[in-house]
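Student: Can we go through this one together? I'd like to start with how the terms are set.

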Amino acid sequence: MKPVGRLPAVVALGSLFNPLNSSMISVGLADIEAEFHVGIAAVTWLAAGFYLVGIGVPPVTGSLADRFGPRLVFCAGLVTMGVTGVLAALAPSYPVLVAVRLLQALGSCATMPAGMAVIQAVMPGEDGRPPPRVIATISMVLTASAAAGPVLGGFLVAAWGWRAIFLVNVPLAAVALAAALRWMPKVRVDGAREAMLPRLSGGLLATCGQFALGNVVFYLAFFAVPLWARTAAGLPAHVAGLLVLPLAGLGIVATPLAVSLARRAGLRVLLVSGSALLLAGSCLMVPARTVWLVLVAAALLGVSAAFTQFALNSLVFVHADRRDTGAAVGVFQASRYVGAGTASALLGVLFERAGLGGGAWLMAGASAAALAGAVLLPVRRRAASGEDRSHP
C-alpha cells in the first residue's frame, strides 16, 4: 500500500482522541469525586470544561494548521495528548486535574482539523473533495470512539482506577504520532492566508448550524435514555447503558449505505432522508414507555446519524475554501459541542419536570427544524472554474 493510502487511517487514529475522551470520563466522575471530595457539581466541570474547549478551540487550531502547516499542528496535538495523559494520571489535586484536562481538550481539538487539511491537500477528488470512502471511514471512527468511550472507561476504572482513563492516551498517542511522522506528508495549502481569521461562507455556517441541531437531538437521547432506564424503568446500570448502543452501532453499520445513497441520489436526498428519520425517531420517543419502543426510536436515530453526519461532513468541503480547510473543519467540529452543550444544559430541567417525554418533545422540535434545514441547505457551490462541487 502506498503511503498516501495509509493517510486516512492515520488521520482517523489521531482524530479519535476527541470523542473518546469526551465520553470516557463519564464513568470516572464518581471515583474522582470520592478521592478529592469536591462535590458532584464541581466534578462535572471535567466534562463541561471539555465541551467548552471543544466549542472555542477547533476553529483556532484549524486556522493554525492552515497558516503554519497541518502536519505540525496534528503532531503537536498528539504530543499534547501523551503529555497530558501522564500529568493527569499523576495529578495531586483536583484543581491540577482540571487544568490538565482543559489542556488535554486543547490537544484533542487539534488533530481532526489539521488531519482533514492534509487529506484535502493530498487526496482531492475530481470534484475538489476527498473521496467519499475517506469521509465515511473517518465518520465511522468518530462515531465508534464516542460509543466505545464509556465501555473502555468502565473497564479501565474497574481494573486500575480512574487515573487509567487518562493514562491510556499515552500509548495511543505514541502509536498515532509514530504513524503520522512516517506516513503524513508535509503540506501547505496553496495560497495559504497570512491572516488568522478564515473566510467562512454562508453555506458552511448553515452546514455547521445543521450539524449542531442534529447533535442536540443525538445527545439528548444519549443522556436521557440511560437516565430514564435507571430512574423510571428501574433497570440496572449495565442494561441502561446497552439501550444507547443502537445510536452508535447502527450509526457505524449504516455509513456504507449512506455512501451508496449519496452516490446514487445525491447529498440532498441523503440529508433529507436522514433528517426525516431523525424526526421519526424523536416523535416515537415522546410516547415511549417500554424498552422495546425506546430501542426502536434509538435505532432510527442511529441510522439518521450515519446519513446526516456523512452528508454534512461532505458539505464542509463543498462550501469551504481550500485555503481554509483546517479552519472550516474546526468550526464544524465545534458545532458538535454546541449541540452537546445545549442538550446537557437543557436536559436536567426538562427531565425533572416531564421525564423522558420532556426531552423527547425538545428532540422533536429540533428535528423538525433540522428537516426544514435539510430542504433549504445549499448542497452545491460553483468553484472558481465553474465546476459543480456538489456531486459525491
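Tutor: Let's begin with a definition. A salt bridge is a side-chain nitrogen of Lys or Arg within 4 Å of a carboxyl oxygen of Asp or Glu.

Student: How many salt bridges does the structure hold?

Tutor: The structure holds 1 salt bridge. R163 forms it with E35, and the closest N and O atoms are 2.6 Å apart.

Student: Which helices do R163 and E35 lie in?

Tutor: R163 lies in helix α10 (residues 163–167) and E35 in helix α3 (residues 29–36), so the pair ties together parts that are 128 residues apart in sequence. Helices here are DSSP runs of H or I with at least four residues, strands are runs of E with at least two, and both are numbered from the N terminus.

Student: Is this a predicted model, or what is it? And how are the residues numbered?

Tutor: This is a predicted model: local features need pLDDT of at least 70, side-chain atom pairs count only at pLDDT 80 or more, and totals for chains, interfaces and linings use all residues. Residues are numbered from 1 along each chain as its sequence is written, and side-chain values use heavy atoms, with hydrogens and water left out.

Student: Back to the pair. Is R163 buried, exposed or partly exposed?

Tutor: R163 counts as partly exposed, at 23% relative accessibility. E35 is partly exposed too, with a relative accessible area of 39%. The cut-offs are these: buried is under 20% relative accessible area, exposed is over 50%, and partly exposed is in between, with a 1.4 Å probe and protein chains only.

Student: What about the whole protein? How many helices and strands?

Tutor: The secondary structure comes to 18 helices and 0 strands. Buried residues make up 53% of the 392 residues.

Student: What share of the contacts links residues 24 or more positions apart?

Tutor: Among contacts with a separation of 6 or more, 84% are between residues 24 or more positions apart. Contact means heavy atoms within 4.5 Å.

Student: Show me one case. What does I55 touch?

Tutor: I55 touches A334, Y337 and V338, not counting residues up to four places away in sequence. I55 lies in helix α5 (residues 45–56).

Student: Why is I55 called partly exposed?

Tutor: Because I55 has 32% relative accessibility. The buried residues of α5 are L46, G49, F50, Y51, V53 and G54.

Student: What span should α5 have?

Tutor: At 1.5 Å a residue, the 12 residues of α5 should span 16 Å. The end C-alpha atoms of α5 are 16 Å apart, which agrees. The expected span is 1.5 Å times one less than the number of residues.

Student: New helix. Which residues of α11 are buried?

Tutor: N169, A173, A176, A179 and A180 are the buried residues of α11. They cover an arc of only 130° around the axis, which puts them on the same side of α11. That arc is taken from the directions from the helix axis to the C-beta atoms. On the other side of α11, V175 and R182 are exposed.

Student: Why would residues three or four places apart point the same way?

Tutor: An α-helix has 3.6 residues a turn, so residues three or four places apart point the same way.

Student: Switching to rings. How many aromatic pairs are there?

Tutor: A search of the whole structure finds 7 aromatic pairs. One is F218 with Y219, which is edge-to-face: 5.6 Å centre to centre, with 80° between the planes. Rings of Phe, Tyr and Trp (its six-membered ring) pair if their centres lie within 6.5 Å; planes under 30 degrees apart count as stacked, over 60 as edge-to-face and the rest as tilted.

Student: Are F218 and Y219 buried or exposed?

Tutor: F218 is buried, and Y219 is buried as well.

Student: Which residues form the aromatic cluster?

Tutor: F36, Y94, W162 and F166 form one aromatic cluster.

Student: Last one. What is phi of H37 near?

Tutor: Phi of H37 is near 55°, a positive value in a residue other than glycine. Most residues other than glycine have a negative phi. H37 sits in the loop between α3 and α4 (40–43), and H37 is exposed, with a relative accessible area of 66%.
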